[in-house]
Amino acid sequence: KLSVSPEMDIMEYCRKEWRGNTPAAKRMRKGYEAVAQKFASIRRIRGDNYCAFRATLFQALSQATQLPKWLQSEDFTMLPENLLSKYDWIKQWQLRQKPGKRMGEIRDEIKEYLTLLRKKWKNISEIKGPLEKQEACDKLFKNEGEEYSLYEALKFWMLNTAIELYNADKSGRRVPVFSWLLFARDTSSNPYQLMHNHLNHIGHSGGLEQVEMFLLAYALQYTIQVYRLYKYGTDEFITLYPNDPEEDWPVVTLITEDDRHYNIPVRMCQETML
């Protein structure tokens with residue numbers, strides 16, 4: 001199974017998927033028409049519970065020209081040791097398809113994932129030619145073992161970011177609004193619950209919820225711009241995560257029909273680029 005399908009004309013894809021005359025089909029067609037003003041093609045993302053990670057990471061790597069600041073830090077690969085020394089509950093982290101691992105194994109395995117993420121990001125960002133860069137991304141997303149290791153690394157980095165936001169809020173520092181919403185849920189009133197009830201399930205029994213899309217964007221220091229097609233005609237049609245991004249953050253663009261599954265638009269139309 002391809003993780004990221006080859007590109008296809010956006011309007012051709014839309015006509016294939018939304019033939020009927022129901023209000024929903026009409027709205028979707030209008031939504032796709034709006035996206036087609038800016039992008040020529042669409043690439044379908046494999047639909048499992050990692051699709052938000054897959055779409056975001058694929059887009060980020062496809063246009064990466066340097067290693068993000070957070071990946072440059074010396075401490076990045078020491079994260080599992082540092083967090084486990086402070087928070088005993090992280091021992092309950094669920095590794096993909098390997099529940100019930102011991103603490104040492106969790107630490108070493110996550111360290112391996114984080115190291116891989118840094119290495120792949122660095123290698124791809126150093127490729128100058130756009131075609132070669134695209135080929136390297138396609139190749140990476142055909143290697144299931146590596147691909148899923150990268151998602152585990154991203155999840156762990158999201159946990160670290162959530163812990164930092166939670167502690168900042170508790171000590172009276174300013175935090176983004178989504179952070180309050182993240183910890184206002186009954187199921188995630190603190191980082192342990194966030195891990196136990198949400199992050200541990202992503203990729204297994206569920207995908208990312210809206211508020212976790214904010215956390216992902218904030219952790220990556222990327223603006224994730226999403227065309228939410230079923231919201232066409234409302235001010236939520238194009239949603240930014242986070243909604244007040246830093247100006248120097250790179251932007252990646254995704255498309256969703258239902259806030260559960262994400263595809264990616266590719267090939268900006270010439271007029272848009274000028």
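**Close-up views of a predicted model**

View 1. The side chain of Lys-122 makes a polar contact of 2.8 Å with the side chain of Glu-126. Ala-64 lies 58 residues away from Lys-122 along the chain, and the C-alpha atoms of these two residues are 8.7 Å apart.

**View 2. The largest pocket and its lining.** This pocket holds about 800 Å³ of space and has 25 lining residues, among which Ser-62, Gln-134, Val-266, Arg-267 and Met-268 are nearest the centre. Several elements supply at least two lining residues each, including strand E2 (39-43), helix H3 (51-62) and strand E6 (262-268), while H7 contributes the most, with 6 residues. By residue type, the lining of the largest pocket consists of 10 nonpolar, 8 polar and 7 charged residues.

**View 3. The second largest pocket and its lining.** About 350 Å³ of space is found in the second largest pocket, whose lining has 15 residues, with Leu-165, Pro-176, Tyr-218, Glu-246 and Trp-249 nearest the centre. Helix H8 (144-170) and helix H11 (210-220) are the elements that give two or more residues to this lining, and H8 gives the most, with 4 residues. The lining of the second largest pocket comprises 9 nonpolar, 2 polar and 4 charged residues.

Methods
Residues are numbered from 1 along each chain as its sequence is written. This is a predicted model: local features need pLDDT of at least 70, side-chain atom pairs count only at pLDDT 80 or more; totals for chains, interfaces and linings use all residues. Side-chain values use heavy atoms; hydrogens and water are left out. A polar contact is a pair of N or O atoms within 3.5 Å; within protein, one must be able to donate a hydrogen and the other to accept it, and residues adjacent in sequence count only if both atoms are side-chain atoms. On a 1 Å grid over the protein atoms alone, a cavity is a set of points where a 1.4 Å probe fits but cannot get out, and a pocket is an open set with protein on both sides within 12 Å along at least five of seven lines; lining residues have an atom within 4 Å of a point. Grid points are joined across faces, edges and corners, and a volume is the space filled by probe spheres set on the points. Ala, Val, Leu, Ile, Met, Phe, Trp, Tyr, Cys and Pro count as nonpolar, Asp, Glu, Lys and Arg as charged, and the others, Gly among them, as polar.
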